[in-house]
Amino acid sequence: MKQDPRFPNLFILNHPLIQHKLSHMRERDTSTRTFRELLKEITLLMGYEITRDLPLTTRQIETPLVTIDAPVIAGKKLAIVPILRAGIGMSDGLLELVPSARVGHVGVFRDPETHKPVEYLVRLPDTTDRIFILCDPMVATGNSAVHAIDVLKKRGVTDEQIIFLALVAAPEGVQVVQDAHPNVKLYVASLDSHLNEHAYIVPGLGDAGDRIFGTK
Ligand code: URA
């Protein structure tokens, strides 16, 4: 795990498997099917890292031989919240890791002119005593990420209950998220160079939603 001195709550998951798979995803000619499979594989690897600090407690269980106090994840239950639509490409992998997690949805699209998020759907599970993993492959301007975090916080979710998981981020977007929500932890596979004039991440991988779903 790597950090950038500019962004104290940004964690870059630079595991070789994650980096190798991401490079393949970036390639222009990678097929929709492969892109989707790689995203799921990366999400599984990232999910493993971001759940590393989940608190454990013990529960008494009986093995065929003895009774033991066995470690189980304590208290807080997980909710996975993809930001539609590209976030769905990541929530599938996370659900394989934590099949009993609740799933919420935040639907936001980017106004092509203003690049500001326009909300069209919010459905969330009960927010008490839960850890929310918000996911969106790209943090570009950061506006959708800030909006989704706002949505959770308006419902009483605290900074400490939120983990934001993305594949690729632009420094401009991370700055926006950090300014608005300095205490929310953001995990990414790569912090790229910059945003271009159309608010695409460079070098990036193009439009993540289009590449996951095979649309144009
Ligand atoms: N959204 C994407 O899918 N790609 C970008 O580069 C920026 C925003």
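The largest nonpolar core of this predicted model has 54 residues, and I133, L134, L165, A166 and V188 are those with the most contacts inside it. A nonpolar core is here a set of buried Ala, Val, Leu, Ile, Met, Phe, Trp, Tyr and Cys residues joined through C-beta atoms within 7 Å. Burial follows a neighbour count: a residue is buried if 20 or more other C-beta atoms lie within 10 Å of its own, exposed if 12 or fewer, and partly exposed in between, with C-beta atoms placed from the backbone. In soluble globular proteins, nonpolar side chains tend to be buried together. Leaving aside neighbours within four places in sequence, V188 is in contact with L10, I12, A166, L167, V168 and A169; contact requires that the C-beta atoms of two residues, placed from the backbone, lie within 7 Å.

**Basis and confidence**

Residues are numbered from 1 along each chain as its sequence is written. Because the model is predicted, local features need pLDDT of at least 70 and side-chain atom pairs count only at pLDDT 80 or more, while totals for chains, interfaces and linings use all residues. The protein chain averages a pLDDT of 94, and 99% of the residues score at least 70; pLDDT is the predictor's confidence in each residue, from 0 to 100. For the complex, the predictor gives an ipTM of 0.95 and a pTM of 0.92.

**The ligand and the annotated sites**

The ligand is surrounded by A86, M138, A140, Y200, I201, G204, D207, A208 and G209, where a residue counts as near a molecule if its C-beta atom, placed from the backbone, lies within 6 Å of it. By class, this shell has six nonpolar, two polar and one charged residues. Ala, Val, Leu, Ile, Met, Phe, Trp, Tyr, Cys and Pro count as nonpolar, Asp, Glu, Lys and Arg as charged, and the others, Gly among them, as polar.

An unreviewed UniProt entry carries a "binding site" annotation that covers I201, G206, D207 and A208. Another annotation called "binding site", likewise from an unreviewed entry, covers R85, R110, D136, P137, M138, V139, A140, T141, G142, N143, S144 and D207. UniProt positions are given in the numbering used here, feature names are shortened, and annotations may be inferred rather than shown by experiment.

Of the annotated residues, A208 is found in helix α6. Leaving aside neighbours within four places in sequence, A208 is in contact with A86, G89, P137 and M138. A208 counts as buried because it has 25 C-beta neighbours inside 10 Å. G206 is found in the loop between β16 (201–202) and α6 (208–213); helices (H or I, at least four residues) and strands (E, at least two) are DSSP runs, numbered from the N terminus. With 15 other C-beta atoms within 10 Å, G206 is partly exposed.

R110 has its place in strand β7 (residues 105–110). Not counting residues up to four places away in sequence, R110 touches H115, P117 and S144. R110 has 16 C-beta neighbours inside 10 Å and therefore counts as partly exposed. R85 lies in the loop between β5 (77–84) and α3 (88–97), and 18 C-beta neighbours inside 10 Å make R85 partly exposed.

**Backbone geometry**

Most residues other than glycine have a negative phi, and most peptide bonds are trans. The table lists departures from this pattern.

| Site | Feature | Value |
|---|---|---|
| L84 to R85 | cis peptide bond | omega near 0° |
| V202 to P203 | cis peptide bond | omega near 0° |
| D129 | positive phi, not a glycine | about 55° |
| A199 | positive phi, not a glycine | about 65° |

P203 has its place in the loop between β16 and α6. D129 lies in the loop between β8 (117–123) and β9 (130–135) and is exposed, with 9 other C-beta atoms within 10 Å. A199 is found in the loop between β15 (194–195) and β16 and is partly exposed, with 16 other C-beta atoms within 10 Å.

**Strand β3**

T57 is placed in strand β3 (residues 56–62). Not counting residues up to four places away in sequence, T57 touches V72 and A74. With 11 C-beta neighbours inside 10 Å, T57 counts as exposed. T57 and L38 are 19 residues apart in sequence and 33 Å apart in space, C-alpha to C-alpha.
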